[in-house]
Each structure stands twice: as C-alpha cells, then as structure tokens.
Amino acid sequence: SGIATEARRWQRAAGPDLAVTDTRKTLPGLRALSKYAVRVGGAHNHRAGLYDMVLIKDNHIAYAGSIAEAVAAARRLNPDLLVECEAETVAQAAEAASAGADYVLLDNMDDATLTIAVEAVREAAGERVCLTEASGRVSFERLPALAAAGVDRVSTSALTFARPLDFGLDAR
C-alpha cells in the first residue's frame, strides 16, 4: 500500500505529460510485487531487469569509443530491444538522439540544462521519436520544474522504497 500510494502521489503531482517511473532498485525478493504496486498506483515501470532494454552508461561509451558506436553495437547485438543512452551533457544528449537511441537519459542535470538538453534531443532526432528521461537528483519537490523542462519521464527509486502504510483491518 505504501508503494502504490507514493506512486499515485508522484504521478498526480507530475501531471499528465510527465511519466513517473520506478527503477530496478527494489528490496531483495520483492521486485515483482513492488513494480506491480507502482503500476496499481498509476505510475510506470522503467524496466524489470538487465534483459528487457539496453541501457548504455558512461563505461559502455568509453569501451565502444563513442556514443554512436555504443548505440550501433547495441542495435546490432540486440535488434529487438529498445536502447536508452545516458548523457551527462547537452552535446552527449544530441549525439545519442542522432545515433538512434530510443531514449536519452539526462543524468544529474539542473533545470536550465535539462530544458536545453530536451530541445537538443528533439532537434537531433528530427522526425524520429526519441524520448527523454531525467534521472539523478529527482525529488518530489522538483516535479513541477521537471515537467516544465519538457522531459517525457523521470525515474526514481523513491517509489519502490516508499514506507509501508500503517493501517488495520479490524472493525471498531
């Protein structure tokens, strides 16, 4: 009940144009139930595990040599999976969108930079749909600013680590 209630609270505050998603971070053994509670509360699941989406992080980019090479390798090795690429700068965000990522994870950006990065992703993607996700330093209080920045979704572990509700079922 705590997870569903918190998910509802966050999604309502975010409004209809900003999807609030959970992360893979859950209590051991409770991932399926925690993610179900997020959906019941009206928020969204990001991904269930390491198998259902490719997430390109900074270490993958370093190994591949560039964002474009990392996205190309992900597409070649996993043609049926969505590809999300982490970006720490506006230039990286635009490169990820140009390279064909389905999502660009805008990591630890302040609100002004986030707004510029969202526009850069949309411009670089052209006619193709490339969604944006804000991650890092996401707080409930920051939701209005994140929505105003135009990101498509935010991810937070605050949903799956919500405190349980204290209620009883006894009649009085």
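1. Basis. The model is predicted: local features need pLDDT of at least 70 and side-chain atom pairs count only at pLDDT 80 or more, while totals for chains, interfaces and linings use all residues. Residues are numbered from 1 along each chain as its sequence is written, and side-chain values use heavy atoms, with hydrogens and water left out.

2. Strand E5. Helices (H or I, at least four residues) and strands (E, at least two) are DSSP runs, numbered from the N terminus. Strand E5 covers residues 131-135, and four of the five are buried, so the strand is largely enclosed by the rest of the structure. Buried means under 20% relative accessible area, exposed over 50%, and partly exposed in between (1.4 Å probe, protein chains only).

3. Partners of E5. Strands pair if DSSP finds at least two bridges between them. E5 pairs in the parallel sense with E4 (residues 103-107) over five bridges, with Leu-105 opposite Glu-133. E5 also pairs in the parallel sense with E6 (residues 153-155), over two bridges; here Ala-134 has Val-154 as its bridge partner.

4. Crossovers. E4, helix H6 (residues 111-125) and E5 form a right-handed β-α-β unit. From E5 the chain crosses through helix H7 (residues 143-149) to E6, and this β-α-β crossover is right-handed. Right-handed means that, with the strands pointing away from the viewer, the path from the first strand over the helix to the second runs clockwise.

5. Helix H4. In H4 (residues 67-77) the buried residues are Ile-67, Ala-70, Val-71, Ala-73 and Ala-74. Seen down the helix axis, they fall within an arc of 160 degrees, so they line one face of H4; the arc is that of the directions from the axis to the C-beta atoms. Their cover includes strand E2 (54-56), helix H3 (58-64), strand E3 (83-87) and helix H5 (90-99), where contact means heavy atoms within 4.5 Å.

6. Cysteines. The whole structure has zero disulfides, a disulfide being a pair of cysteine sulfur atoms within 2.5 Å. The sulfur of Cys-130 is 9.2 Å from the closest cysteine sulfur, in Cys-85, too far for a bond. Cys-85 is buried at 0% relative accessibility, and Cys-130 is buried at 7%.

7. Positive phi. Most residues other than glycine have a negative phi. Asn-108, in the loop between E4 and H6, has a positive phi near 55 degrees and is partly exposed at 40% relative accessible area. Arg-137, in the loop between E5 and H7, has a positive phi of about 60 degrees and is exposed at 52%.
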